[in-house]
Structures are given as structure tokens and as C-alpha cells.
Amino acid sequence: MLMNMKDLLAVAYKNQFAVGSFNVANSEFVRVIIEAAEEKNAPAIIQIHPNEVELLGDDFITYVREACRNASVPMVIHLDHGGSVEDVMRAIRNGFTSVMIDASHASFEDNIAISKEVVKLAHSVNVSVEAELGTIGSNEGSSEGGADEILYTDADDAKTFVEETGIDTLAIAIGTSHGQYKHDRQPELKLDLLAEINSKVDIPLVLHGGSDNKDEEISQTYLNGVAKINLSTDMKNAFFKEMRRFLVENDTAYEPDVIMPSARKAAQEVVKKKMDLFNSTNQAHHYFK
Ligand SMILES: [Zn+2]
């Protein structure tokens, strides 16, 4: 079942669980996520970054839409870190049901203006909008972007931002980074800041860079307004680590149906574990009343 983000997250927000939002860059990942979601009876979000759209081409989204429509659990197709109105319009034309506009690098006033414009365009065709306030960190090797220093989201600014823009979900910076953490930079979430933001903002919150954080911290976030957690690195790592191992051990293998299954399984194990961690396992029934 394909739906938009607003409807998907309203249920998660109310029932205190978070829906995993997983990046895809080929059809293997699409199947990993949908099959894991169906097995776990969990809603899920497939998100595609503009870099990934470039890699895949627009026609690929038609396949993703069809796959999500045929899924037995609720699914959303979301544009991850749209950088411009052009990115957003391309995603809407391609059939995404949700978009992110990330103008977090701009001034507060410009971020409001750009996000507001996207809300007007996207809402006119029932597409949901996520925007970002504060900056999420960036670790080496991630192509998702982010800043060298994390600028934490201010709770009062968040309240103003949400009221002014009319967005459906807000990505906040409370200490996570994109990509893989190095040992000298372990993530630590500011859960007190999250609670403060949640007390002032009445829409679902989004956590980016959800790989590799402490499980006990992640499980506090969905009790404090986080209804969507982005995850890319942990899943991709599992996939390509297993593929590397397989190809080294089977160095003459060339058939995709021989090479792919173990990598797919490794990624799927990660996705299923995250669904348990985010408390989205067995929550699909809420959507079929
Ligand atoms: Zn992100």
C-alpha cells in the first residue's frame, strides 16, 4: 500500500513508534526493504537521495511505485535531502509521495521561505513535506552531505519554523551524523533537547543518521516525538561487506542470482533488527482499520 508521509507518520506519532526510512540505490535494496517490512508486518519508507536518483534514472521510480503499491504493508516513497525546488518538482513528477527540502544551510529566514514555497507546491498535489532545522553532521565516506560541526536545533526556533512553513515533519539536529562514525567521534544524542523540542512542536520529528547510535538512546527517541528514523549506512555496509566476502571467496562468480542472495540476506537482517529497535514491528495493523 502506497501512502503519503503525513498519514503514515500520524499513526506512528500517536502510537509511539518510529518508521524506518531506508535509502535505496538499486532494485536489490527495494526488495530487501519491502520483504523485511512484510515479514515484520511493519510500515516502511523507501527514500531516495538526489545522488541516488541520478544513479538510478527517473524511470526506476515507476518500478518503486509499483512495488510499494503491491506491498501488503504501508509504504511511502520519499525524496531524501532535496536541495532545490527543481529536485522537489522532479520527485513529484516521478511519483514520490513525500519530499524533503533541505535548506538548513541557509539563513533561518531563507530556510522558512524556501520550505514554505515547497509546502505550497507539494501540498497542492497531496505530497508531504519534511524540512530541516539545525545541521546534521557528516562522517567520512557519506555522500549524503551534512556539516563538519553539528548545529543543534533550537526548540523555540523549531516552533516558529513549523508554524510559519506548514511542513508535515521536521528533521532535527540532536547529535547524529550521516555515514559511519569513527572511533574518536561516537554519537551521543541530546535527549533532553529532543524532549524540549517535542514539547513545543506538535508534528512528528525525524532523526537523520540513525546508523550506529546506542540502542537505548534510539528507543528513547520514539517516546519523544520521533516518528521517522533515517537509516542508510548500516544497511549498505552489511550488503556490500557480504558481497565483498562472497566475491573474494567465489572469484569466478558472475551470475547475479548467485552473487546477490547472501548480500541481500545480510542487509535484510539489519533492516529487520532496526524495525524491532524502532518499535515498528507488528504495527502495520493500525493502518487497516
Ligand atoms: Zn539525512
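Here is a short chat about why some labels are used for this predicted model.

Student: What should I keep in mind about the values?
Tutor: This is a predicted model, where local features need pLDDT of at least 70 and side-chain atom pairs count only at pLDDT 80 or more, while totals for chains, interfaces and linings use all residues. Residues are numbered from 1 along each chain as its sequence is written, and side-chain values use heavy atoms, with hydrogens and water left out.

Student: What makes His-81, His-178 and His-208 donors of the zinc ion?
Tutor: Donors are N, O and S atoms within 2.8 Å of the metal (3.2 Å for Na, K and Ca). His-81 (NE2), His-178 (NE2) and His-208 (ND1) lie 2.0 Å from the zinc ion, so they pass the cut-off. Water is not among the atoms, so the site may look incomplete. The donor spacing in sequence is H-x96-H-x29-H. His-81 sits in strand β3 (residues 75-82) and His-208 in the loop between β9 (205-207) and α9 (215-221), 127 residues apart. Helices (H or I, at least four residues) and strands (E, at least two) are DSSP runs, numbered from the N terminus.

Student: Which residues of helix α5 are buried?
Tutor: In α5 (residues 85-94), they are Val-85, Val-88, Ala-91, Ile-92 and Asn-94. These pack against α4 (59-70), β3, β4 (98-101) and α6 (108-123), where contact means heavy atoms within 4.5 Å. Just after α5, Gly-95 takes a positive phi of about 100 degrees.

Student: What makes a set of residues a nonpolar core?
Tutor: The set holds buried Ala, Val, Leu, Ile, Met, Phe, Trp, Tyr and Cys residues joined through side-chain atoms within 4.5 Å. The largest one here has 74 residues, and Ile-46, Val-99 and Ile-197 are among those with the most contacts inside it. Helix α2 (residues 27-40) gives the most to this core, with seven residues. Apart from it lies another core of 12 residues, including Leu-8 and Tyr-287.

Student: How do you know how α7 and α8 are arranged?
Tutor: The axes of α7 (residues 155-165) and α8 (residues 191-200) come within 9 Å and cross at roughly 35 degrees. Axes are lines fitted to C-alpha atoms, for helices over the stretch in contact, with angles running from 0 to 180 degrees between N-to-C directions. Among the residues making the contact are Ala-155 of α7 and Ile-197 of α8.

Notes. Buried < 20%, exposed > 50% of the residue type's maximum accessible area, 1.4 Å probe, protein only.
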